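Visitor: I am new to this structure. Please show it to me, and then let us take a close look at a single part.

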Amino acid sequence: ADKIRYYFSPFVSEFGLSALEGASKEGQVIVKEGLFGVHVEVRGPAGTQRKILFPIYSGMSYVSGFYSGFTPKLLSDRAL
């Protein structure tokens with residue numbers, strides 16, 4: 001009998017978390033790392049205290065963000 005050679009599971013992005021204000025050009029910064037996950041921070045431009053903290057752990061179904069100084073913005077290809 002033929003064996004399965006590969007399994008394909010497409011990723012469908014339902015929505016994205018963003019902010020109305022611009023962020024720093026340094027990108028994402030890992031501020032905490034553990035065996036099962038990381039805390040990733042997106043910071044505002046120099047001279048501001050803005051940040052978004054994304055705690056991301058193994059097995060999470062959904063990602064959440066803790067906004068400080070940023071205005072949340074949800075993105076989706078579907079109507080919200």
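Visitor: Which residues line the largest pocket? Please take me from there to the salt bridges.

Guide: A word on the model comes before the tour. This is a predicted model, where local features need pLDDT of at least 70 and side-chain atom pairs count only at pLDDT 80 or more, while totals for chains, interfaces and linings use all residues. Residues are numbered from 1 along each chain as its sequence is written, and side-chain values use heavy atoms, with hydrogens and water left out.

Now the pocket. Its lining consists of Phe-11, Val-12, Ser-13, Glu-14, Phe-15, Leu-17, Ile-56, Tyr-57, Met-60, Ser-61, Tyr-62 and Val-63. A pocket here is an open set of points on a 1 Å grid over the protein atoms alone, where a 1.4 Å probe fits, with protein on both sides within 12 Å along at least five of seven lines; lining residues have an atom within 4 Å of a point. The volume is about 290 Å³. That is the space filled by probe spheres set on the points, which are joined across faces, edges and corners. The lining divides into 9 nonpolar, 2 polar and 1 charged residues. In this count Ala, Val, Leu, Ile, Met, Phe, Trp, Tyr, Cys and Pro are nonpolar, Asp, Glu, Lys and Arg are charged, and the others, Gly among them, are polar.

Next, the salt bridges. The structure holds 3 of them. Each is a side-chain nitrogen of Lys or Arg within 4 Å of a carboxyl oxygen of Asp or Glu. Glu-41 pairs with Arg-43, the closest N and O atoms being 2.7 Å apart. Glu-41 also pairs with Lys-51, at 3.8 Å. Glu-41 lies in strand β3 and Lys-51 in strand β4 (residues 51-57), so this pair ties together parts that are 10 residues apart in sequence. Strands are DSSP runs (E, at least two residues), numbered from the N terminus.

Glu-26 forms a salt bridge with Arg-43, with the closest N and O atoms 3.9 Å apart. Glu-26 sits in the loop between β1 (16-19) and β2, and Arg-43 in β3, so the pair ties together parts that are 17 residues apart in sequence.

Buried means under 20%, exposed over 50%, and partly exposed in between (1.4 Å probe, protein chains only). Arg-43 is partly exposed at 28%. Lys-51 is partly exposed at 37%, and Glu-26 is partly exposed at 46%.

Notes. Helix = DSSP H or I, 4+ residues; strand = E, 2+ residues; numbered from the N terminus.
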